[in-house]
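Please examine the protein chain shown below before reading the report.

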Amino acid sequence: MTHATPTARLNTTTLADAVAAELDIPAADARAAVQAVFTVIARSVTAGVPVAVTNFGTFLPVAQPARTRRNPQDGSPVEVPAHQDVRFRVSPGLRATVRTADPVRATIRKRPQSLRTSTDGQAAA
C-alpha cells in the first residue's frame, strides 16, 4: 500500500489517482468509487438528509428563505427566491489532524481495535 502525499491541488481525477495508489487498485476502479461516493452524498443532501463522515465532517442541507438583496453595481433591489443550500461542518478530528501539519501521519481512520487502550492504560487485547 502506497501512502502518497499530494503536493498540488486535487481535482476529482487526481483524487481518484491518489485513492488508486493508496489502495493499490486500478485507477478506473478508484475513479468509479470516488464518483459513487460523491453521487451518494449529492443525492442525500439534495433529499434533505445530512451526511456525516466520522472524523471528517458533515454535509448539511440548509433551507434558505426568500429575501431581498441589493445589486452591487447599481443598488437596485433583487428578489432572491427560497432555495436549498448546502453547508459543510468540519469534524474536530479532521481539524486536529490538519493543525498537526504532518501530512505523512494524517488520517481520519479510527485506531484499530488492537491499538486502543483500556481504562488502566494497558493496551486492549
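The following report covers overall composition, the sheet and the helix that crosses it.

This is a predicted model, in which local features need pLDDT of at least 70, side-chain atom pairs count only at pLDDT 80 or more, and totals for chains, interfaces and linings use all residues. Residues are numbered from 1 along each chain as its sequence is written, and side-chain values use heavy atoms, with hydrogens and water left out.

The protein chain holds three helices and five strands, where helices (H or I, at least four residues) and strands (E, at least two) are DSSP runs numbered from the N terminus. Their order from the N terminus is α-α-β-β-β-β-β-α. Of the 125 residues, 12% are buried, that is, under 20% relative accessible area with a 1.4 Å probe, counting protein chains only. The accessible surface (Shrake-Rupley method, 1.4 Å probe) is about 9,600 Å², and carbon and sulfur atoms contribute 58% of it.

An open, antiparallel sheet is formed by three strands in the order β1-β2-β5; strands pair if DSSP finds at least two bridges between them. Strands β1 and β5 are the edges, each pairing on one side only. Neighbouring strands of this sheet are turned by 25° against each other on average, direction ignored. Strands β2 and β5 are joined by eight bridges, and Thr58 has Arg89 in β5 as its bridge partner.

| β1 | 51-53 |
| β5 | 83-90 |

Helix α2 (residues 27-46) lies across β1, β2 and β5 and runs at about 35° to β2. Such angles run from 0 to 180 degrees between N-to-C directions, with axes fitted to C-alpha atoms, for helices over the stretch in contact (heavy atoms within 4.5 Å).

Methods
Buried means under 20% relative accessible area, exposed over 50%, partly exposed in between (1.4 Å probe, protein chains only).
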